[in-house]
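This briefing is meant for a reader meeting the structure for the first time. Please look over the sequence and the model below before reading on.

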Amino acid sequence: MSEMLRAPAEAKYAEELDYLESVDTGPKPFSWRLSPRMARLFVLGSERADGLDREISQKWFGDRSFVERSIVTLASDRGLLLIGDPGTGKSWLAELLSAAICRNSTLVVQGTAGTTEDHIKYSWNVSMVIARGQSRESMIPSPIMTAMEQGVVGRFEELTRSTSDVQDALISILSEKYVSIPELDHDNIVFAKPGFSIIATANSRDRGVNDLSSALKRRFNFVRIPVVTNRRSEAEIVRFRTEELLRRHHIDLDVPPTLLDILLQSFADLRTAASAATSDDERLESALSTAEQIGVLEDAILHSQFFGDRTLRAETLAGSLVGSLARRSPEDLAILNKYLHGVVEPRAKRDGGGWEDFLDGGRQAIATLS
């Protein structure tokens, strides 16, 4: 793990998964490594009532019903589609579910405009084909085909970013549970083993890019992941991710609760302004998601560590916020400037404290970028 920039969930939480397997007495669908109850516990964390000898950390912060519906869908061998706005934790939930079910979350296809049918079925090792001809040995299975052969979970990220041809190729896989290889005369069908399923994610803001056909929709169970609006839940997510960041970079730096409150309140204010805006020019291009909030805090922490005095300050946080959210010039800068003068300045005069430094840091950042 020390040699991985980012360890997959099954490696990162291997000890927890080993422990849960050792105490799991519940019924397991197919070849699952954990029962549905233990899979839910792995994702959402343990409570005292669970009666375990050790604590299991909470890794995904959201409504329990979303996790339970996702697990039930996968236990029925139907495809699962996690859909929601950017930064709502869809990919992270998919990774955690795959780790809990089969201890392998790395069989992933990333959907893009360049994704082809080969990426979800198979391709060929050209040099081996020239030397020995087409055979199963010269075939390169896709992550999805590998998941079928092993009876585990395959993942498809950003499904609606892929073209209709690629999406249509999934229909037979999800319904028939096999892939034909017409180039071969023998051993030319790969059947899915019990336990195979697909977890796909889709960005709700991509609607209209490559809409899913009704035939493909019928083969997925949809779980819509909403934007986190609960202040306490969002604070827990940001704190959890920040602690991971500090451990990964071996940084010994405190995040004062007052600065975390300023960050949360700033995003809440900007979301309110975005909701009240009457045109796209009056909205930040940013989705203002929890993930982007974490990115702002990460930027501020690293800047304080490497270019500051290793103390996180409000002005550094403001500079990171402006630098991260100002993607269009001059539109986004004008929106942020309006926010600083119309909301932050009166609050700084009224409440003082970190808001004054936050206002100064924001102004300096906007002046630099203007």
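Which residues of helix 4 are buried? In this predicted model, the buried residues of helix 4 are V67, S70, I71, T73 and L74. Because these residues cover an arc of only 160° around the axis, they lie on the same side of helix 4.

**The chain as a whole**
- The protein chain contains 15 helices and nine strands, and its C-alpha trace spans about 75 × 50 × 40 Å along the principal axes.
- Of the 370 residues in the protein chain, 47% are buried, and the chain exposes about 18,400 Å², of which carbon and sulfur atoms supply 49%.
- When contacts between residues at least 6 apart in sequence are considered, 71% of them join residues that are at least 24 apart.
- The protein chain carries 44 positive and 54 negative side chains, and the centres of these two sets lie 4 Å apart.

**Helix 4**
- Helix 4, formed by residues 64-75, has 12 residues and reaches 17 Å from its first C-alpha to its last, which is close to the 16 Å expected at 1.5 Å a residue.
- The buried residues of helix 4 pack against helix 3, strand 1 and helix 5, and also against strand 8 (197-203) and strand 9 (220-225).
- Just after helix 4 comes D77, which takes a positive phi of about 65°.

**Helix 2**
- In helix 2, which runs over residues 14-23, the buried residues are E16, L17, Y19 and L20.
- The partners against which the buried residues of helix 2 pack are helix 1 (9-12), helix 3 (36-44) and helix 5 (90-102).

**I83 in strand 1**
- I83 has its place in strand 1, which covers residues 79-84, and I83 is buried, with a relative accessible area of 11%.
- Leaving aside residues up to four places away in sequence, I83 touches K90, A202, S204, F222, V223, R224 and I225.
- The C-alpha atoms of I83 and G51 are separated by 34 Å, while the two residues are 32 residues apart along the chain.

Notes. Residues numbered from 1 in each chain as written. Predicted model: local features only at pLDDT ≥ 70, side-chain atom pairs only at ≥ 80, totals over all residues. Heavy atoms only, no water. Helix = DSSP H or I, 4+ residues; strand = E, 2+ residues; numbered from the N terminus. Buried < 20%, exposed > 50% of the residue type's maximum accessible area, 1.4 Å probe, protein only. Contact = heavy atoms within 4.5 Å. Areas by Shrake-Rupley, 256 points an atom, 1.4 Å probe, with all protein chains shown as cover. Lys, Arg positive; Asp, Glu negative; His and termini not counted. Charge placed at Lys NZ, Arg CZ, Asp CG, Glu CD. Expected span 1.5 Å × (residues − 1). Arc of directions from axis to C-beta.
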